[in-house]
Structure formats: C-alpha cells, structure tokens
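Grab a pencil and work through these exercises with the model on screen.

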Amino acid sequence: MNVLQDAISDYIHFIRVERQLSDNTLVSYERDLASYAAFVEAQQLPSFNEVTRATILLHLEALRAAGKTPRTIARHISSIRSFHQFLLREKITTTDPTVHLEMPQLEQKLPKVLSIQEIDALIAAPDCSKPQGIRDVAMLELLYATGMRISELIELDINDIHLTMGFVRVFGKGGKERIIPLGRGAIEACENYLGRARYDLQGKYPKTDALFINRRGKRLTRQGCWKLLKEHAQTAKIQHELTPHVLRHSFATHLIENGADLRAVQEMLGHSDISTTQIYTHVSKTRLSEVYKQFHPRA
C-alpha cells in the first residue's frame, strides 16, 4: 500500500469510528477519494502534501470532461475538502488546498411524490392470500406512515415497534434514535403481519429478532425491498419510477399539505438541519399551484 492509499485508509477509519457514517456513505467517500488519489498519482505527486488548488481544479475538470454531473462533482469536492481538513488536523499535510474551492451551481430538483390515490393503489397491490403479501402491506404502510429510510426499515427489530402505544423506535444516521407515531393503517397492517404471516415465514428456520423477514426466515435486504417495491408499483400501474425514497417524500409532503408543523416533520424524518426539510414546502406549493391551474375556472 502506498502513501496516498495509507492516508485514505486512515481517513476512512476515522470517519467510520468518529462520525459513525452508514456503510453506503463510507463506500461513496472511499470511491471518490480512490479516483482523486489515482489522479494525484498520475500527476507524479508523491504525497497529498504536494497537492495544490490547481491540482484539484485539474481533477475536477477531468471529471467534467468524463461527463460527470454537477451534483456528482459537488459530492467529489465535499469528499476531497473533508479529507484535506482531516490531513491538516492530523498534521499529515501542512496546508489545505481546498480553501476557497467553489461548489458548482446545482439545479434544485423537487422530489417526486405520489398522489393519495397512487399510495392507496400501491398498498392494495400485494397478494394478501400469501404471507409475503401480508408482510409487504405492513412494510408499505410503515414506510408511508413514518417516512423512514429503507435502511432504517430493514434494521427494525420486533421490540422496536410498539403497536399498543402506537409508535416505532427508529435508529437513523449515526445511530441517532427517534420515536415516530403510527397511524391506524400501519398499526393494523403490522398486527396482521405479526399475528399471522411472520410465523409462517419464520417456519423451521433459526429464530431472528428482525421485524421483516424473507421466505428463508432471514432479515430482508435493501435489494430485496427495492425489488418488491418495483413489483408492486407495476401491479398498481404507477407510471413513473418508484423508489423507497419516493414514499419518504410523499409522507413529508402530504403532512405539510395538511398543515403539519415543519419542525415536527423535521424530527420525524430525522433531519439534522431544518433547511433539508424545507424542500417539502416548495413541493407543496408547486402541487397546490398545479391543482389551482387545473381546476380553477379562471386560472
């Protein structure tokens, strides 16, 4: 392993332990920095201490030439900046070449949101004559009722959900715990799943604490959930692409459309900064404008 790779390994170890980032985020950082290190090496620079602002700008220009989007380049800048701040703090380098490095202008994309009718069709899509179908209804109800991330859903254990009290305990990014209330639909779907279907899916397989399990009695995976969601979206005849995050966006937007407090929505989503939650007020206004233009006789 060379000097450049050593420095990256030290940084990845640091953010894994100190910042407790998710595995997906760590992989993203590692991939960005591997690309950056390869460029630095191609410039015949022996260490990151020899890197200048001009070196980084050349690397970013190479990414643009390779067809990378402004959003991807912004992520690379963020990774490189955080990395160099670590190197300076640990006295591995003597300067920070990322100072005054500007982020590219990003077009703010409003998140896709399902209508209430589409949500109803999606939840009605699974075949409830099978245990998997009963499980899938509970999953869909829970995703829409809480706005939790798919990674948070698959990590739920049975003792995280309290149906009598009507809430679920979720562990988000960095292991932060939050409590989210449940509506009647989610409670009934989860009661149905735990009372009937989960026992059938567990069968003779080794017992697990996981709330949602597959046909082999094991905890459902992220990929498994994505696949199920796509299948049910097809059955429900939802035309646009559906991801688990669309259900999260729908949860937040529908709450705000119906007058929910922005701070409460922020807390339920687990956003550390309210500016992240404010995007849903823009979505809500855009949707109201569309409804007005469609239905007002003098619009």
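**Exercise 1.** What span should the 13 residues of helix α3 (residues 53-65) have at 1.5 Å a residue, and how far apart are its end C-alpha atoms?

*Solution.* Before the steps, some ground rules. This is a predicted model, where local features need pLDDT of at least 70 and side-chain atom pairs count only at pLDDT 80 or more, while totals for chains, interfaces and linings use all residues. Residues are numbered from 1 along each chain as its sequence is written, and side-chain values use heavy atoms, with hydrogens and water left out.

Step 1: find the helix; helices (H or I, at least four residues) and strands (E, at least two) are DSSP runs, numbered from the N terminus. Step 2: the expected span is 1.5 Å times one less than the number of residues, and for α3 that comes to 18 Å. Step 3: the end C-alpha atoms of α3 are 18 Å apart, so the two values agree.

**Exercise 2.** Which residues of α3 are buried?

*Solution.* Step 1: use the cut-offs, with buried under 20% relative accessible area, exposed over 50% and partly exposed in between (1.4 Å probe, protein chains only). Step 2: that picks out T55, I56, H59, L60 and L63 in α3. Step 3: these residues sit on the same side of α3, because they cover an arc of only 135° around the axis (the arc is that of the directions from the helix axis to the C-beta atoms). Step 4: the buried residues of α3 pack against α2 (23-42) and α4 (70-89), where contact means heavy atoms within 4.5 Å.

**Exercise 3.** Are R149 and R248 buried or exposed?

*Solution.* Step 1: both carry the UniProt annotation "active site" (unreviewed entry), which also covers K173, H245, H271 and Y280; such annotations may be inferred rather than shown by experiment. Step 2: R149 lies in the loop between α6 (131-146) and α7 (150-154), and R149 is buried because its relative accessible area is 12%. Step 3: R248 belongs to helix α10 (residues 244-257) and, at 2% relative accessibility, R248 is buried too. Step 4: leaving aside neighbours within four places in sequence, the contacts of R149 include K173, H245 and R248. On the same terms, R248 touches H271, among others.

**Exercise 4.** Which loop holds K91, and is K91 buried or exposed?

*Solution.* Step 1: K91 is in the loop between α4 and α5 (116-124). Step 2: its relative accessibility is 72%, so K91 counts as exposed. Step 3: check the backbone. Most residues other than glycine have a negative phi. K91 is not a glycine, yet its phi is positive, about 60°. Step 4: H100 lies in the loop between α4 and α5, and has a positive phi of about 70°. H100 is exposed, with a relative accessible area of 67%.
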